Amino acid sequence: MCTHTGRSYQCTECDECFASRSRQLYHIRSIHTGVNSHKCMKCGKGFADPSSLSRHARISHTDRPHKCTECGKCFAELHVLHQHIRSIHTHDEPYKCTKCGKCFPVPSRLKQHMLIHNKV
């Protein structure tokens, strides 16, 4: 039952709940049906939708010219390197919740956190 999570779309195969119908359908396609019809041309790995394939190709098969000076990990995009440094090395958390004051290293974590304040 999804009533206490603020997520109203429950998987028909398991107990997992989702905030949107599209996330629920993606979950069912990728986890339960095993349909991964979008294949990577470089490695053959299959994905449930084109956006997941695109993300895979960008992360797995592109140059990563931005190298972390602390640990040597490389990134394809400069902003992701900056997020990595804030999250892992400096623990800088410049993104602050206006409702409770909790801080986060990257905007996506603040956005995810805000869902708890926006429950109906």
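A disulfide here is a pair of cysteine sulfur atoms within 2.5 Å. I am working on a predicted model, where local features need pLDDT of at least 70, side-chain atom pairs count only at pLDDT 80 or more, and totals for chains, interfaces and linings use all residues. Residues are numbered from 1 along each chain as its sequence is written, and side-chain values use heavy atoms, with hydrogens and water left out.

**Cysteines**

I searched the whole structure for disulfides and found zero. I then looked up two cysteines. The sulfur of Cys 71 has its closest cysteine sulfur in Cys 68, at 3.8 Å, which is too far for a bond. For Cys 97 the closest cysteine sulfur is in Cys 100, at 3.7 Å, again too far for a bond.

I checked accessibility next. Buried means under 20% relative accessible area, exposed over 50%, and partly exposed in between (1.4 Å probe, protein chains only). Cys 97 is buried, at 2%. Cys 71 is partly exposed, at 43%.

**Annotated domains**

I took the domain positions from UniProt. The unreviewed entry places "domain: C2H2-type" at residues 9–37, 38–66, 66–94 and 95–120. Those positions are in the numbering used here, with feature names shortened, and annotations may be inferred rather than shown by experiment.

I looked at two of the spans. Helices (H or I, at least four residues) and strands (E, at least two) are DSSP runs, numbered from the N terminus. Residues 38–66 are 38% helix and 17% strand, with end C-alpha atoms 29 Å apart. Residues 66–94 are 45% helix and 14% strand, and their end C-alpha atoms lie 22 Å apart.

**Asp 49**

Asp 49 sits in the loop between strand S4 (46–47) and helix H2 (50–60). Is Asp 49 buried or exposed? It counts as buried because its relative accessibility is 11%. I listed its contacts (heavy atoms within 4.5 Å). Leaving out residues up to four places away in sequence, Asp 49 touches Tyr 26, Arg 29 and His 38.

**Largest pocket**

I used a 1 Å grid over the protein atoms alone; a pocket is an open set of points where a 1.4 Å probe fits, with protein on both sides within 12 Å along at least five of seven lines, and lining residues have an atom within 4 Å of a point. A volume is the space filled by probe spheres set on the points, which are joined across faces, edges and corners.

The largest pocket comes to about 290 Å³. Which element gives the most to its lining? H2 does, with three residues. Strand S6 (74–75) also supplies at least two. Among the lining residues I noted Arg 55, Ile 59, Cys 74 and Phe 75.
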